[in-house]
Amino acid sequence: MLVYEVGTEPTSQNEEKKEKKCLQKSPRRKTKKRPVSRLLAQTPDKPNKAQFAPASYSPIAPSKKSADEEQPSNSGNVVYTFGNAFLLKQTSWSSTATAGARPALSILAQMHQRSAKAAVASDDLPKCMGDACKYMYDSNYDRVLILGDRIYEGGREICQRLAEARKQQRERENGASAEEEVIPEDDREATLLEQVAIHHVDYPSTDVITVLGRIAVHPERQEGGRLAIVDYDEMTLRYTKLDFSKLKSWSVFPGETVVLEGVNPRGNLFEVRKVHYEVPLAPPPAPTTLGKPLHMVIGAAPFTDKDNLQYDKLSDLLAYCAENNPDVLILTGPFGSTSNDTLFLTIAESFEEYFEKIMANIVTSVPPTTEILIVSNHDDLQSSFVYPSFPYKISKFYKNLHFLPDPCVVSINGMHVAITTVDVVRDLSEAELSVAPSGDKIKRAFNYMFHHRSFYPLNPPPESVPLDVDLLHHFGTLPRVPNVMICPGDLKPYVRDVNGCVCVNPGHLTDYDSGEGTFARVVVHPPEEPTAAPFSYVACQVVKS
């Protein structure tokens, strides 16, 4: 018996048998299930996710890495944890912030001491980078003067620490404290150099002497003659080769301000016996002004894959913020990298217009109680190719959206957070010359920054960093050790306690190699006392995006 459907023509019995055989032979197609995001507890194609697709002349294809939907998702897996066990146990990663309890934000001026004195006297220098600042106007003569000031300022603080240490040693040996000589403030800097007995680097002596200068590395010479020291003398160029063979453990980097102890029999080769680069550092006071736990989420570029502009990982991060309501969301650029500029040539709008859409989507995707901090990057199509970098600009104003320069120091409810988007830890680690150094390279890199009071103490920088020495001298200093320091980079994500500062590398939100990425979430609890260690009141996790 044949059954005919309405609107179809009858077929013969032979044709019907063929159709049945084809249906029996052809296997059923399995429907592919999209991986469920453990981070968001939802499927990635949730309709309320932010859409970042630009205006395009042709359909936008999905990423090649995300095409394999059968692969399980690692989103939400914790890869690094910081904080004591009791603190982590009582920490809730979701905030209950209300509209009236938004954190107080302020950008701190990070100016050089002499520049700050000049600014107070003349009001010529702005406190933060802006349109009034010019870049790439510094001449070679200006750079030499700035580097000379860096040697003198850093050497003065190193000598101050050495003078105090030697004074305490004399007191212990003599058994009584000597009367402290009152020195006028104008003569104090010169007297410090005299107390430590600083000589010029080319001073010949068979006795142990102390010299002050800046480490220089010759890129083409062999290991034996690569290292040299440039003297602090501003009137005459003096430099001498260095020999570290007498030391069992040492580490230096190009541009480092050091005070060296050793001998120089002929005046042309200084045999190093001791290396001093530490300056007096005070640990940052705990943020006792916090009335409740402060929740922060940190995401670093790149925010999308190399082959598309859909910003899937950024959409997932914003959905996470919408569910967990952090007090502060920190995003570090670039949002459109110049190394991938050909991809942006295919869109039907300018990148400035597209950047405005990205910012609007970010603002509308997170709760209005979340303060959004966008830190610029020199490699962004929206930025000038210079470091330090100017803050981004858009035509619209949003109450909870703040654009910050790179680098910057922000006060959040009294807690100081330092941020830079340049991979300074990697650059310092690659440029460092050492033999059996103490500690790990990450802590050494942060110690270099803290003791040189600079976001980027390396000089000369690699070719990928368009360093403006004048801008760095004015706006790239670290006046004190911050409570939290954020340095995204290519190294594996980490969280370290260095001199009382919680140093965070959140990793990249999108990893070009694996297709996965990471971000960091931080909860700062009100400390019980001003001298509390960060491990007792800061909880931090690096999470797969």
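At what angle do helix H6 and helix H8 pack, and how far apart are their axes? I find about 25 degrees between H6 (residues 312-324) and H8 (residues 351-365), with the axes 9 Å apart, where axes are lines fitted to C-alpha atoms, for helices over the stretch in contact, and angles run from 0 to 180 degrees between N-to-C directions. H6 and H8 are therefore roughly parallel to each other, a label for angles under 35 degrees.

I note that this is a predicted model, in which local features need pLDDT of at least 70 and side-chain atom pairs count only at pLDDT 80 or more, while totals for chains, interfaces and linings use all residues. Residues are numbered from 1 along each chain as its sequence is written, and side-chain values use heavy atoms, with hydrogens and water left out.

For the contact (heavy atoms within 4.5 Å), I listed Leu 314, Leu 318 and Ala 322 from H6, and Asn 361, Ile 362 and Ser 365 from H8.

Next I turned to the sheet, taking helices (H or I, at least four residues) and strands (E, at least two) as DSSP runs numbered from the N terminus. Six strands form an open sheet of mixed pairing, in the order E2-E14-E15-E17-E19-E18, where two strands pair if DSSP finds at least two bridges between them. Its edges are E2 (105-108) and E18 (494-498), each pairing on one side only, and the twist averages 25 degrees from one strand to the next.

Within the sheet I looked up E15 (residues 415-419) and E17 (residues 484-486), which run parallel and are joined by three bridges; Ile 419 stands opposite Ile 486 in E17.

Lastly, I recorded that helix H10 (residues 441-452) lies across E17, E18 and E19 (501-505), running at about 50 degrees to E18.

Notes:
Angles under 35 degrees count as roughly parallel, over 145 as roughly antiparallel, 65 to 115 as roughly perpendicular and the rest as oblique.
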